[in-house]
Amino acid sequence: KLEQAKEKLEEEIENKKNKPNFKALYGCELEMSENYLNVVFNKREQELDNATFVVFDVETTGFNAGIGDSIIEIGAVKVKNGIVQEERFDELINPGHPIDPVITNLTGISDYKVKDCDNEENVTKRFLEWIGDLPMVAHNAKFDISFIEMAMKKYNLGEFKNTVIDTLE
């Protein structure tokens with residue numbers, strides 16, 4: 001029996017030598033992050049469980065609101081108690097100049113689609129009126145909000161104060 005136990009132990013040691021140092025867990029994605037996540041902007045004390053909030057997205061002429069790129073579409077829905085409401089906001093915007101073909105390819109928004117649309121100032125005013133002071137949710141919200149804030153600055157529309165939750169993180 002001692003000889004059998006010794007053989008079994010040697011066999012297990014040999015088996016362990018051939019195994020990798022880790023076990024793959026398929027379907028599991030791990031992400032390193034800071035100890036804090038910056039996912040809420042313009043924080044206010046408010047109940048979010050039963051609140052109506054706005055889920056929104058913008059399409060733009062480029063990637064930098066600060067160097068002349070502008071909004072070419074704002075799309076949003078209101079959600080209450082987890083249910084998307086019928087009230088929606090979706091407007092194309094004429095940027096006043098040709099849209100780069102790369103942006104058209106990326107967004108599907110062409111010069112032809114926006115030729116008869118309103119300008120960024122008027123659409124932004126309507127959007128701000130539509131959202132009121134509701135909390136907002138967006139994926140990569142920093143990007144979207146940078147364009148809303150820049151439009152507000154360009155057209156003297158005040159300061160953006162809505163609470164925003166970013167789903168990117």
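In strand β4, D90 is the bridge partner of G75. Strand β3 (residues 71-80) and β4 pair in the antiparallel sense, over seven bridges, where pairing requires that DSSP finds at least two bridges between two strands. Helices (H or I, at least four residues) and strands (E, at least two) are DSSP runs, numbered from the N terminus.

The model described here is predicted, so that local features need pLDDT of at least 70 and side-chain atom pairs count only at pLDDT 80 or more, while totals for chains, interfaces and linings use all residues. Residues are numbered from 1 along each chain as its sequence is written, and side-chain values use heavy atoms, with hydrogens and water left out. The predictor's confidence in each residue, pLDDT, runs from 0 to 100; its mean over the chain is 88, and 86% of the residues reach 70 or more. Confidence is lowest in helix α1 (residues 2-17), with a mean of 77, and highest in helix α4 (residues 120-131), with 98.

**The sheet and its helices**

Six strands make up an open sheet with mixed pairing, in the order β1-β6-β5-β2-β3-β4. Because β1 (40-41) and β4 (83-92) stand at the edges with a single partner strand each, one side of each is left without a neighbour in the sheet. Helix α4 lies across β2 (52-60), β3, β4 and β5 (136-138), and runs at about 165° to β4. Helix α5 lies across β1, β2, β3, β5 and β6 (164-166), and runs at about 80° to β2. Contact here means heavy atoms within 4.5 Å, and the angles, from 0 to 180 degrees, are taken between the N-to-C directions of axes fitted to C-alpha atoms, for helices over the stretch in contact.

**Aromatic rings**

Rings of Phe, Tyr and Trp (its six-membered ring) pair if their centres lie within 6.5 Å, and planes under 30 degrees apart count as stacked, over 60 as edge-to-face and the rest as tilted. By this rule there are five aromatic pairs. One of them, F127 with W130, is stacked, at 6.4 Å centre to centre and 25° between the planes. F127 and W130 are three residues apart in helix α4, and therefore separated by about one helical turn. The rings of F143 and F147 have centres 5.0 Å apart and planes at 55°, so this pair is tilted. Both of these residues lie in helix α5 (residues 141-154), four residues apart, about one turn of the helix.

Ring pairs also link F56, F89, F127 and W130 into a cluster. The charged end of K78 sits over the ring of W130, 4.5 Å from its centre, a placement that requires NZ of Lys or CZ of Arg within 6 Å of the ring centre and within 35 degrees of the ring normal.

The table gives the accessibility of the paired residues, where buried means under 20% relative accessible area, exposed over 50% and partly exposed in between (1.4 Å probe, protein chains only).

| Residue | Relative accessible area | Class |
|---|---|---|
| F127 | 0% | buried |
| W130 | 13% | buried |
| F143 | 22% | partly exposed |
| F147 | 1% | buried |

**Two loop residues**

Most residues other than glycine have a negative phi. N81, although not a glycine, has a positive phi of about 55°; N81 lies in the loop between β3 and β4 and is partly exposed, with a relative accessible area of 45%. N140, also not a glycine, has a positive phi of about 65°. N140 is placed in the loop between β5 and α5, and at 31% relative accessibility N140 counts as partly exposed.
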